[in-house]
Every structure is written in structure tokens, then in C-alpha cells.
Amino acid sequence: MKQNNIDNIIELSNELRWQIGDEFHDNLTESIYADAADIVKDSVRSNDSKRRFRLDAKIDKIVTSKRFGFPIMFLILGTVLWLTIQGANYPSSLLANLLLDTIHPALKSGAASLGMPWWLDGFLIDGVYLAVAWVIAVMLPPMAIFFPMFTLLEDFGYLPRVAFNLDALFNKSGAHGKQALTMSMGFGCNAAGVVAARIIDSPRERLIAILTNNFSLCNGRWPTQILIATIFIGAVVPKSSSSLVSLLAVIGVAVLGMAFMFGVSWGLSKTVLKGEVSTFNLELPPYRPPRFWKTIYTSLIDRTLIVLWRAIVFAAPAGAVIWLISNIHIGNESIAAWAINGMDGFGFLLGLNGVILLAYIVAIPANEIVIPTILMLTVLVTGVGVGEGAGVMFELDSINATADVLKAGGWTLLTAINLMLFSLLHNPCSTTIYTIYKETNSVKWTVVASVMPVILGFIVTFLVAQLWRLIF
Amino acid sequence: METKINSGCETCEHFNKDGLKKLGVRTDNFDFVVALAGNPNTGKSTVFNALTGLRQHTGNWPGKTVTRAEGGFEYNTKKYKLVDLPGTYSLMSTSEDEQAARDFILFGKPDVTVIVVDANRLERNLNLVLQILEITDKAVLCLNLMDEAERNAIEIDVRTLSRDLGIPVVPASARFNRGIPELIQTISEIASGKIICKPHRIKSVPENIEKAVKTLTVEIEKEFPNISNSRWIAFRLLEGDKQIIEALKTGEFV
């Protein structure tokens, strides 16, 4: 009976809809706006001549202008990065001193006095503890500087302007202008960027944003880029300009990532994800002076500590795995050595080596541990006497010592450049992969998002290596 | 680091400061559900933080809150669960965030809906406000960013606005905690039924549409005598909203 009545209501509505015609939606919208205007007329008074919007408009005219928009963007990005690079050095070595040079030996001697068997002590202290300590020493300082600065920019209202500047480019590549915002989030963390893609309404454009977010160099990869650029690229120019050149190299990789983001978005929108570009309104919010201390506080708690915690959670088991594969032997070689030797040939084709490839497999859970893994494995294979023994991740006192280990491992300028490229173009970390699965609910697209960047990485590094060897 | 509550209301006899407890994420055993709606970038998350004592990250860009955030506070021994909805300009399209916001106000049946608007852009913000007032009649308007409005020399007659909209209007600057005590007091009074709202319903509707809406509304009310938003359902049915038709069939409105 009741069901019948409801069907009648729906029937009636269909009939009435037919009668009132298809301008209903527009009519209703107009009515709402008319009411709104009416209400405002009675209750709001404004003195137009005093509006502060004019200052905002003036700033906007400059930061979104054709001539200055992009240079200002790169200048701001460069400044933030430079402050991060410069500022992170000191606290990093302080933490390394404490966690690695002081606490680690103390733990070792403590374990020895307890009579702990060598394998348990090695597994726990040289594997798990050191991995965690390394990640804290290397990651915490740059994050504690980068995130608050990024958050201050965000609170000030700069991000929507970036989106505005990039809108035309995204539009040309068949993607949604709001992808500029998800891209910016990706510069902090790709998983966060993937979740942020929810602000894009059209499923097609949202998928493009999700699939290409990995081309934003994330927080776990900035330190790798900075370190390798400093050691190898900064070293080929005179000392006076080396830090500027390394900075430019890092920005270059970040910009290359953006180029790939546009290129792949374009490719996707022309092939498997064809469709119209949807329009949207982007509101440029007023500039608001950030509440400085509050912003620092929230970004430290919300971003820095959460990301750090994630890194620690993944570094611990990775440290254990590294220790195990370096200490379990098959025949007369460790598992790690077998794997490295097996992949060396393929690595050579790419201008990389077996160590790097193995490190990227071990470091799937977190990009942050790539460099320590590479160092440890290099020491293991080349037998350079700097490390602390098989399976021990360590922090080297100075950048020079790191360079010595890598050069002893056969690294050249080509290896360094290709490592930077591969760091940009490889699979997302496991957290991001899982997030992509949760957001798309599709195994297929998750696989595409994970495999496509690796293939691109193989192709790019292969081409660079072949060209390089042809020329030099 | 935190600005102290510096509003005159703090000492007002109507506001019981000692009765307020910010509960953070503890939202179990709540007595009332409060939804927080509004346009993007009007400071909803800041209001959310000010009410719950949480420090959810706020950013100055539209669309920052993509997931629903929940938190709670206790006032005069009643516990309130606060739900921060994604910011939207309207409730009439089918994008994910608009649907999430609409579904919560419609099916979640919050005891109070706080509509946060930017005092500098009231007219544009009213589009959403008027739509929400068609769905629920337990609402309060939080006129946020009053500090910016003052700097922009915008004056708002709060009493006239409140009379026209038929709901309480609370001017606020959530960033500086201004107006938050008044907002809490108002929320509690709406929740307890002390304030009864008579919300504005969309007026300037063309004759033929109004007639169709009336016919349909009468039928809907016959079937569901206890619902307050029959007119809005009529609007949606005329629009051919599949989700609402489905909800009618499955009886989700009851």
C-alpha cells in the first residue's frame, strides 16, 4: 500500500517535471540568487572605497602574471629548498652523533655485557635500531624545516595562485586545473596527494591526477636528490658555485617531474582516459597573514611527526631485512651479494648498478632508506673498510666519506645523474600504492600507477646511459 | 600560543564557561550531533578546531577538507559530536564532496547544523545557506572572518540578517576565538529546543514552478507527515534526482 503511494508521488513528479519544462534547474538557481541579493540588500553595508581587496588584487596581478608568475614560483621553491638544505645540516649531524655514535655503541656494549648471542644483537641493534636511527637523523631535520615553511605558504594563500598559474598547462594536457593542488601536496607526500585528488569531481580527471601524482618529488626523495647532487654534480664545477649548481640540479629534477606529469597526463587523456576537460571555478582566497607559531606547531605535529612515524614503522623491518640478506649465506655468498651480482648486468645497461636496484627493492616501503641501503650494500660488495660490518646501516661523518664509498663502488657522474632520474621515476612507496588502491578501488589502476613510472624510469635511464657512453 | 578567549561573552551570565569541555576526538556517548557546513575556504576547519580543541590542519585553499573530520565537546553536561563536512558552493550537483555534505545533513539528521560563511562574501555564500535551510530547520549561521570584514569596511546588520533568515546569526573570528562562546551557547539552545528556528524558504520561485512544488509537497506530506523538508524533496523530485527517488523508495526519510 505504502509502496504504491510512493510510486504515485514519483509518477506525479515525473508528470509535473514535464509540465514545468527543462528550465527548472536554472529557474530555481535564479530564485535562490534573487533571494540572496534581497537579504544582503537589507543587512549588509559596505564602503567600497576602503576595501582591502585592492591590495590582494595588486599582489595577485604580480604573482599570477604571465611574465613573473613562473619565475616567482621557482624563486619561492628554490628559497624553501635552499633553506632546507642549509638548515638541515647541523641538526642532522647532531642527531647522527647522538643516535649513531653515542647510543649505538652503548647499546652494543650493553648487549655484550648481557651475553646476547651475536645474531640477536646484530639483528636488533645493527639492523632494526640503526635503520630507525638513520631515518630519524636524516629525515627529521629537513622535514622540520620544509613542512612548516610549506604550511606557512599554504596558510598565506599562495597555493591557489600556483594552481592558477598552472591551470593552462593542465588544461592543455587534458587534466583538471585542481591537479595543481594535488601536485603540490605530492611534493610533501604522494599518499597525501592521492587522497587530495578527491577535490576533483570528474572521475576521469581524478584518475589522471592519482596516476601522475608520483611524478611530484616527495619528501622521502628530496634528501636523496640533495645528497647526490651535492656529492657528484656540485663537484664538477668550481667550489664557489657548487652549492648553487647542486640546487639547480635538484630543481631541474623537480621540474622534469612536472614535465613528466604533464606529458603522461596528456598521453592518458588522449588514449585510455579520453574525455572533455571540465571547467571549474577557482576562488583565489584573500591573503591571510599566517598565525606564525600556531602554524609551526600544527605542521610539526600533524605533518612532520606523522610522516616521521610512518618512516620509522617501515624502516625497522627494512633494517631487519637488510641485516638478514647480508648475513644469510647461500653457498659462499650472502643473499644480498647473489642478488646484486644477478642484477649488475641489467643495472649497467641503465647506467646504474645491481646495488642500486636491490636497494630500490628493499626500500619499497619507504624512499627515505634508499641511500643508507645503497651505502651498506656497496660496502658489503666492495669491501671498503668504512662500514661497521655486514648488514650495518651507518651514517658517514662527512659527505666526503659518503663520496669515497660510492666512488669505490664504481660510481661515476653518470651513475649519479641516473640515480637522481631513477629516484624521480620509479614505483611509488608501498603506502602510496595502498592509498591508490583504496582511492580507486581498482587493482588494474593500482598496477598501472605502480608499474608505469618504473618502466618510464628504465627507458629514461637507459637512453641517458647509451647517449652518455656514445659521447664520452 | 593559544589566544585566550577574549570575548566579553566569557564573563556573560548566559555563557557558562566552566561547563565547557573540549573533548578532542572522543565522541562516544554523545547526546547531540552537530554538522559544520559552508563554502570552501570560509574557515570551517578553524571553527571546528576552536570548538573541539583539536588541531586539525587548516590551510588557506579551497577544498582542503576532503574527508569528514569528527570531534567533540561537552557543554553543560551534554556531549556534542561535531562533524566537519567538506566545503561546497551548492548542494545540487553530483560531485563527491557535495553529495557527502548533502547526505549528511539529509540522512544523518544532525541536531544542529552550523553554517559557516565568509562575512566578506555573504551574498555568494547565501546560495548554499538558502539550500541548507530548505533541508533542515535547526541551523545557526556563523558569520566568520568578521575581523577581515571590519578591515574591509563591511558592516553587517546581524539582527536584520537573523530575522530574514529565520535562524540565529553569530558573528565570529574563529582564528582569534571571537564569537566561539556565543556559538556554543547558541548550538546548545537550538539542540535543547530552547530556540526554535523558522528558516527562510526560497521565495522568488516562478508561479508555475511554485504550483507544481505545492502539489507535490502536499502528496509527500500525506505520506510522511513528520518530515520538515518536504518542499526540498519536491524540488529534488522535479529535478529528477535519482538518489532522492531511491531514498524515497527505500524509506530513508522516515
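Hi everyone, a word on conventions before we start. Residues are numbered from 1 along each chain as its sequence is written, and chains are lettered from A and ligands numbered from 1 in the order in which they are written. Because the model is predicted, local features need pLDDT of at least 70 and side-chain atom pairs count only at pLDDT 80 or more, while totals for chains, interfaces and linings use all residues; side-chain values use heavy atoms, with hydrogens and water left out.

Let me open with chain A as a whole. Chain A has 19 helices and three strands; helices (H or I, at least four residues) and strands (E, at least two) are DSSP runs, numbered from the N terminus. Of its 472 residues, 53% count as buried, where buried means under 20% relative accessible area, exposed over 50%, and partly exposed in between, with a 1.4 Å probe and protein chains only. Among contacts in chain A with a separation of 6 or more, 77% come from residues 24 or more positions apart, a contact being heavy atoms within 4.5 Å.

One helix of chain A is worth a look. In α9(A), residues 203-212, nine of the 10 residues are buried, so the helix is largely enclosed by the rest of the structure. Among the buried ones are Arg204(A), Glu205(A) and Arg206(A).

Now to the rings. A pair of aromatic rings is described by the distance of the centres and the angle of the planes. Rings of Phe, Tyr and Trp (its six-membered ring) pair if their centres lie within 6.5 Å; planes under 30 degrees apart count as stacked, over 60 as edge-to-face and the rest as tilted. The count comes to 15 aromatic pairs over all chains. One of them is the tilted pair of Phe24(A) and Phe235(B), at 6.4 Å centre to centre with 35° between the planes. Phe24(A) sits in helix α2 of chain A and Phe235(B) in helix α8 of chain B, so this pair joins two chains. Phe24(A) is buried at 3% relative accessible area, and Phe235(B) is buried at 2%.

Next, Phe422(A) and Phe458(A): their centres are 6.0 Å apart and their planes at 15°, so the pair is stacked. Phe422(A) belongs to α17 and Phe458(A) to α19 of chain A, so the pair ties together parts 36 residues apart in sequence. Buried or partly exposed? Phe422(A) is buried at 4%, whereas Phe458(A), at 26%, counts as partly exposed.

Over in chain B, let's turn to strands. All six residues of β6(B), residues 139-144, are buried. Both faces are covered, with Ala139(B), Leu141(B) and Leu143(B) on one side and Val140(B), Cys142(B) and Asn144(B) on the other. β6(B) pairs in the parallel sense with β5(B) over six bridges; two strands pair if DSSP finds at least two bridges between them. Thr113(B) has Ala139(B) as its bridge partner. Three bridges also join β6(B) to β8(B), again parallel, with Cys142(B) partnered by Val170(B).

Finally, the hairpin. Seven bridges join β3(B) to β4(B), which run antiparallel, and Ala69(B) has Asp84(B) as its bridge partner. Two residues lie between the strands, and Asn76(B) takes a positive phi near 50°.
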